[in-house]
Each structure stands twice: as C-alpha cells, then as structure tokens.
Amino acid sequence: MSELALAPSRTNFILPSTMLFRLPCFAALVLLAGCGSPDANRSTGDRIVVYSGENVTIQAVTAEDLAREVQALRSDLVVVNFWASWCAPCREEFPDFIQFDREHADVAVRFVSIDFEDDLPHAVSFLREQGFTGTTYLRTGRDAPFIDAVSEDWTGALPATAVYDRNGTRLAFWEGKVSYDELAQRVNAARLAL
Amino acid sequence: MTLRTFIIAAMVALVATTAQAQEALSIGGALPTADRVMQNANGAAASLAQQMGPRGLAVVFWSQTCPWVVRYERRVMDLATEYGQAGVGFALVSSNDPVAFPGDAFHSMRDRAAAEQYTVPYFLDGGSEAARAFGALRTPQVFLFNAEGRLVYEGAVDDSPADPAGARDRYFRDALSQVVAGQPVTVQKTRAFGCTIKYHD
C-alpha cells in the first residue's frame, strides 16, 4: 500500500513548454482570458482546464494534482482508470467503469486520459459516445515521474487502474482490461481491506 | 490468522494471479527467439540473430498504428542510421494480432516501410512468439543487446514522446553510446507509456 506523494498546494501552475507549444490557444488565454470557442482552454484557480464543452470538462493533471483530486472527492473508495482514446482494450472496458460508478454510491470512478494533447478531440468524441458527463483528466508532464508516482508496479501499459481510500492511500493497482465482474471483485477486496 | 485476514489474503492472491504478470526479459538475458526466421516487410525473411552487428543488436517492438510509435518513428530511424554505422544492428518487430489491429497486417507494414523509407528490417512476429519470449508488453519498447548477445537495456526511447527537442533523458541513445564504447550501460531499465501489444490468441 503506498500513498501518492502530495506536493504542497500552490496558487498557480506552470505548463511545461511542450504543452504551451502545443496549446497556443491556452497560452493566449492566460493573457487574454478568452479564446472565442466553446472548446477553449481556460484556467480556473490552480486547475488547468484543457477542454470545456457541453457537460464535459477535461483538466490537465500531474500525479500530484491527481492525488489532490482523489482526496478532494471525500469518497470511501476512488477508482482511477488510466486510458487512451486509441487503446482498444481501454475503450472496451470503459462502459463497465461508467456503469460501476453509477451503481455504487460509496465508490467514485475517475478517468485519466494518457492521450497526447493534440489527440484530445478523439478523447472528447469517445467520452461523448460513452455518454460521459462531468470532469475528467488528461495526464500532463513527463511519463516516468507520473508512472512512478501512481505505482511501482506500472510498466506504463494501458489500460491500468488504481483503487484508493478517502485519504489517497492506494489499496490496489493492476494493468490490463477487466470485466465488470472482475472490477467488482477487486473493489470488494479493497473495501474489505479498509 | 483471523478469518477476515485470511479472506483478504485469499482475495489479494486471486487478484495477483489474474492480473497481467508478464515480466520483461531480465538484464543479462540472452537474445530470445534468435534463430527463428520471420517475414520481413522491408526485405527478405530473416532471423534476429542475422541482424546482430559487431557491437550489438537493438530490437524495438513496434506497431505502426500506435500514436507513440508514430511520434518516435523518425527518432528511431535516425538512431538506426547513426548507430548502424557504429556497428549496432537494428530490427523492428510487429507482434499485434492483425485480426484485432488490421492496420498492423503485413501488407500495411510493407506500405509503411516504403512510405516512411524504413532503413531497417521490419519483422512480422506471427503468433506473437517473439513478444512472449521477450516479455514485451508495449510499443515502442526497446531491447538492446551487447556484442555477446546479452540484454543491456530495456525500456523507452527517451522521456519526451511528443517533443523530441524537449527530451531531458535520451535513454536509448545513451545506452547505444555506451554499448558502442564497450562500457557498462548505466540506466538499464526505464518505464514509459506506450500501446499495449495485443498478443495473438
């Protein structure tokens, strides 16, 4: 059981140069606070919103940001699924995670996309196809520190899923696609360990 | 042991056995499937052993339908040119089940190799035998062997898939330089995101 390292909270967020380069609209927004498009990137407090459309908001997160988001949910159990729009097994298991979220009041399911920023439109289309609404995440920053912070068992393969308690302590982690029943079984095992 | 802890331990064990437990070839391990002849989308059928250069061999698991591979394509070709001249052989290996990934079928591999002017063998790993023997899980995943055919590096190309200029750690290049110089490789294993290989059933 390891805990995600928590950096002290901060008041602003500096995007890596690659992201500024790839998101000129966002860079412009910091200065102009407006981009004229519903898909505009905007910053809300210390959160970086890279997409905001009808009922879907995508926020860029480092592993530390993600740890804060998990704790802020105040849910007994938090399931975090790491996926990407091009990843076939990720797409296959996605509907089961949405269904599981709807059917379990004490569990919050969150998704973190590992897509490249310029593939964001593919991720958004997929989320819409799946009937997803609410806030979801896009991983930002370098691979290795992100993978290491989530789990020492993660090879980087997708999909991957972690289960946390309300303090952000990791109770379970696995790589690869699971069925609805397998997911339920693993979350139950984590619940017993609480 | 109370009943509750026993149940938890049993469930943890169950989870551990059902999760993907594949391990990549260990550092120091010998080149797997060395003499198996594979179809080559960029030349004549051959084996990995035949690609071994005087200074070593780099085997890179590949899938042209993978966004990570696409971003690393030019970088890997450039390394193959540079270190090929220094005596390291290169081979790309495509192990995805073409039923699940039609874009990775052999005729598509040939098209890609021609269009992108691949300069190295591009093998079709039928049955995913090589991927299983290497313990390869994702693309691109690098396995670098020294002149004695022993694994000296396994992992990522560098730490910046989206932006070549933004790389701080160029693991593969560093390992290649050390192999060519006959030095021990300092960073032997790295982890990175990539596309999961879909093995043939």
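Is B:Asn146 buried or exposed? B:Asn146 is buried, at a relative accessible area of 17%; buried means under 20%, exposed over 50%, and partly exposed in between (1.4 Å probe, protein chains only). This is a predicted model, in which local features need pLDDT of at least 70, side-chain atom pairs count only at pLDDT 80 or more, and totals for chains, interfaces and linings use all residues. Residues are numbered from 1 along each chain as its sequence is written, chains are lettered from A and ligands numbered from 1 in the order in which they are written, and side-chain values use heavy atoms, with hydrogens and water left out.

**Around B:Asn146**
- B:Asn146 sits in strand β6 of chain B, residues 141-146. Strands are DSSP runs of E, at least two residues; helices are runs of H or I, at least four; both are numbered from the N terminus.
- Its side chain reaches the backbone nitrogen of B:Glu148 at 3.0 Å.
- Leaving out residues up to four places away in sequence, B:Asn146 touches B:Met52, B:Arg55, B:Gly56, B:Val152 and B:Val179. Contact means heavy atoms within 4.5 Å.

**Chain A**
- Chain A has seven helices and eight strands.
- Of its 194 residues, 52% count as buried.
- Take the contacts in chain A between residues at least 6 apart in sequence: 67% join residues at least 24 apart.

**Interface between chains A and B**
- Chain B brings 30 residues to the contact and chain A brings 33.
- About 2,800 Å² is buried between the two chains, 59% of it from carbon and sulfur atoms. Buried area is the accessible area (1.4 Å probe) that two parts lose on being put together, summed over both.
- B:Trp68, B:Arg191 and B:Phe193 supply 28% of the area that chain B buries against chain A, more than any other three residues.

- Three salt bridges join chain B and chain A. Each pairs a side-chain nitrogen of Lys or Arg with a carboxyl oxygen of Asp or Glu within 4 Å.
- One of them links the side chains of B:Arg71 and A:Asp118, at 2.7 Å, N to O.
- On the side of chain B that touches chain A, α1 (3-18), α2 (67-85) and β8 (195-196) each supply at least two residues.

Methods. A polar contact is a pair of N or O atoms within 3.5 Å; within protein, one must be able to donate a hydrogen and the other to accept it, and residues adjacent in sequence count only if both atoms are side-chain atoms.
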